[in-house]
Amino acid sequence: MSAWVLPDYIADVLPSEARHIEELRRSLLDTARGYGYELVMPPLLEHLESLLTGTGEALDLQTFKLVDQLSGRMMGLRADTTSQVARIDAHLLNRSGVTRLCYCGPVLHTRPDRPHATREPLQFGAEIYGHAGLEADLEILLLSLDCLKAAQVQGVSVDMADARIVRSLLADVPLDAAGSARVHAALAAKDASELAALTKTFPAASREGLLALVQLYGDERVLIEAEKTLKPSPALREALSNLKWLASHLAGTHVTFDLADLRGYAYYSGARFAIYAQHASDALVRGGRYDEVGAVFGRNRPAVGFSLDVKQLVAAVAPRALRAAIRAPWGDAPELRAAIAALRGRGETVVCVLPGHESGVDEFHCDRELVQAAGQWIVQAI
């Protein structure tokens, strides 16, 4: 095999795409900073028990594992950053009030999580700890929408669900982890026949409610239908009420509901959402409430957040116009070097043409050039 061939679903990022990714990364972090979120940078590598504690089997299967040559302990390359940020909140910051944190860095997956996806996403996310009220859920929703607006995503649609709905229907059903996973998979795929087979021994109210969930997707009328159809419980009433309240505060945004949607990580504990762009087959953003995520680190704080893959995002938006540059001759004359330094100090991109490469490719599409006129170096249009 050729030495330059990369593994499947791993790719180099070339200049034009890399520039776009970096511009998006900066705009996302600036948007989060505008809301008061502080940047953290967790390590790519951690002890496996810390990295996977409480995250569920799905994330375990997505995690590359290796042996630490210093300690002999098993280590993992992170497949998701949320548990790391929960650890930072619980142990390193340990604040008593609200903490807002954001991050942007690579994660690694053993398998691509969707068709044509990379196994090395660049994950951006934001999380708020310490507030159990819906205000935090709404802030995360609004921040995620503003991030997509900053990225110039068109035709945004928010799809909402709540993890407590399925949990309330399964509350009286004795299920092991494998059985629960099969039920969740059938719900996510909306496979009514598989779900009917899996639930044939369930109590009637639970079975009928789970089968009804397969059809409970659409506009706000879905919530009304759910109140009529599903087995009543305090958790169900609160979940439906919360979804209705959150949707009412997203004026001007297209909102739908899919009460059987369980895609994503197993740590979600309340309202959850996915955000799609026009004509997109998969969500650009996933997020929601995960109040139990910090419990394994000894600090069970309310938490809500979202994440997205910047590489996926860049493929869903139009390329940004390239900022034009100034072409300059190469030279060591003090006046020329001073003129170039002054232009770069003002934020201009100045590309010096090296001797013998005057006809080379102009990657920056220079629209001006630095020329000498009347003993001075001036910029003029090409």
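Buried, as used in these legends, means under 20% relative accessible area, whereas exposed means over 50% and partly exposed lies in between, with a 1.4 Å probe and protein chains only. The model is predicted, so that local features need pLDDT of at least 70 and side-chain atom pairs count only at pLDDT 80 or more, while totals for chains, interfaces and linings use all residues. Residues are numbered from 1 along each chain as its sequence is written, and side-chain values use heavy atoms, with hydrogens and water left out.

View 1. Strand β11 (residues 285-289) is mostly covered, five of its five residues being buried; strands here are DSSP runs of E with at least two residues, and helices are runs of H or I with at least four, both numbered from the N terminus. Two strands pair if DSSP finds at least two bridges between them. Strand β10 (residues 271-276) pairs with β11 in the antiparallel sense over four bridges, and Gly288 in β11 is the bridge partner of Arg272. With strand β12 (residues 303-309), β11 also pairs in the antiparallel sense, over five bridges, and here Leu308 in β12 is the bridge partner of Val285.

**View 2. The aromatic pair of Tyr268 and Tyr290.** Rings of Phe, Tyr and Trp (its six-membered ring) pair if their centres lie within 6.5 Å, and planes under 30 degrees apart count as stacked, over 60 as edge-to-face and the rest as tilted. Tyr268 and Tyr290 form a tilted pair, 5.9 Å centre to centre with 55° between the planes. Because Tyr268 lies in the loop between β9 (254-258) and β10, and Tyr290 in the loop between β11 and β12, the pair ties together parts that are 22 residues apart in sequence. Both Tyr268 and Tyr290 are buried.
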